[in-house]
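Reader: I would like to go through this model and ask what stands behind the terms used for it.
Author: Ask about any term, and the answer will set the value against the definition.

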Amino acid sequence: MGRIFVFLPPLRTVSGGLAVLLDTATGLSRLGRDVVLVVREPGATPLALPAGLPAVSLATTGMTARDAYLVPEGWPNALAPGLAAGARCLVYCQNWAYLFNGLPPGVGWDRLPVSFLAVSDPVARYIEFSLGTLPPVLRPAIDPARFHPPASKPAPGPVRVGFMPRKNKALATMIREVAAARAARTGLALDFVAIDGLSPDGVAEALRSCHMFLATGFPEGCPLPPLEAMACGCLVAGFSGFGGFDYMRQIDPAGHAPSVLLREVPWGGNGCYAADNDVFGAATCLEAAARLWLDGGEKLATALENGRRTAAGYEPALRLEELKKVL
């Protein structure tokens, strides 16, 4: 068995996708695989590299035909050393919207000797629709030691709603403005909590202080913030980003239905979801979730339990089991 090379893009900021790539590399190392990180040039990746994992530059990988090479979608040029060496090349599609980014003019994926991994079932279905092949799914994981509910939530005087401004800031602002404009007529007092610039532990603490989470991400491969919010005992409302429907399920059966076939999951409704970019729909979902919190009772308890079960489906041990199958 050869080595596994993992390419790390030279991004300006640390993205969730970059963190997932590093988590993949460290997971493979824990499984006893010989892992090598590949960077375009030394110092080009802003995230501290894991201790114990060697790193090589893109120009000096030393790959052979016995090795495997994992590259995220959107960086097809980084496949060059693996293709030249005849290595097993895998494209890990973490966001369906970037599947065709970076391909040279006149070059399609069907002309390259690569296989695919998808970060979620909707992404896998998108690849199947586009390219005619259904790839295996390697989902991300969340740490239950960090993301877990508090002993109790604060009493909803105003209902506290966490959101991430970097996720389509303009849309997030519009939804909040609609909620504020309607407040005198709805009687709903919402306190929006911007989750921005925090450490992972800080994000978890902020989510535990909230009753709800407003998801405004689009496009998404398998969005982690809403999943982390569920783990911290929040109801989620807003957008799925398409990839979120790997785990998002409507509390209201009459709610927005996505275009992709939903996989079978062992949990029920965990949030209120609108069509992506539908500000009117998202504001409606936000109000429905807030009223659910204020009404309390069995329906709220069931939704929160479904959120807990959802988060449990993305524990690190499950991801390690999937890693054994695909790499």
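Reader: What volume does the largest cavity have?
Author: The volume of the largest cavity is about 80 Å³. The model is predicted, so local features need pLDDT of at least 70 and side-chain atom pairs pLDDT 80 or more, while totals for chains, interfaces and linings use all residues. Numbering starts from 1 along each chain as its sequence is written, and side-chain values use heavy atoms, without hydrogens and water.

Reader: What makes it a cavity, and not a pocket?
Author: A cavity is a set of points on a 1 Å grid over the protein atoms alone where a 1.4 Å probe fits but cannot get out, whereas a pocket is an open set with protein on both sides within 12 Å along at least five of seven lines. The volume is the space filled by probe spheres set on the points, which are joined across faces, edges and corners. A search of the whole structure for cavities of 30 Å³ or more finds one.

Reader: Which residues lie nearest the centre of the largest cavity?
Author: Ala-215, Thr-216, Gly-217, Glu-220 and Pro-226 do, out of 15 lining residues; a lining residue has an atom within 4 Å of a point. Strand E9 (212-215) and helix H6 (224-231) each supply at least two residues of this lining, and E9 has the largest share, with three. Helices (H or I, at least four residues) and strands (E, at least two) are DSSP runs numbered from the N terminus.

Reader: How do the residues of the lining divide?
Author: Nine are nonpolar, four polar and two charged. Ala, Val, Leu, Ile, Met, Phe, Trp, Tyr, Cys and Pro count as nonpolar, Asp, Glu, Lys and Arg as charged, and the others, including Gly, as polar.

Reader: What joins Phe-218 and Pro-219?
Author: A cis peptide bond, with omega about -5 degrees. Pro-219 is in the loop between E9 and H6. The buried residues of helix H5 (residues 200-208) pack against E9 and H6; among them are Val-203, Leu-207 and Arg-208.

Reader: Why is Phe-242 called buried?
Author: Buried means under 20% relative accessible area, exposed over 50%, and partly exposed in between (1.4 Å probe, protein chains only). Phe-242 has 16%, and therefore counts as buried. Phe-242 sits in the loop between strand E10 (235-238) and strand E11 (271-273) and has a positive phi of about 75 degrees, although it is not a glycine.

Reader: Why does Asn-277 count as partly exposed?
Author: Its relative accessibility is 40%, so Asn-277 falls in the partly exposed class. Asn-277 is in the loop between E11 and H7, and its phi is positive, about 75 degrees, although it is not a glycine.

Reader: Why is Leu-327 called buried?
Author: Leu-327 is called buried because its relative accessible area is 10%. Leu-327 is in the segment after helix H9 (316-326). Leaving aside neighbours within four places in sequence, its contacts (heavy atoms within 4.5 Å) include Ile-4, Leu-28, Arg-88 and Leu-117.

Reader: At what angle do helix H7 and helix H8 pack?
Author: Helix H7 (residues 279-295) and helix H8 (residues 297-312) pack at about 115 degrees, with axes 8 Å apart. Axes are lines fitted to C-alpha atoms, for helices over the stretch in contact, and angles run from 0 to 180 degrees between N-to-C directions. Leu-292, Trp-293 and Asp-295 of H7 make the contact with Gly-297, Lys-299, Leu-300, Ala-303 and Leu-304 of H8. Five of these residues are nonpolar, one is polar and two are charged.
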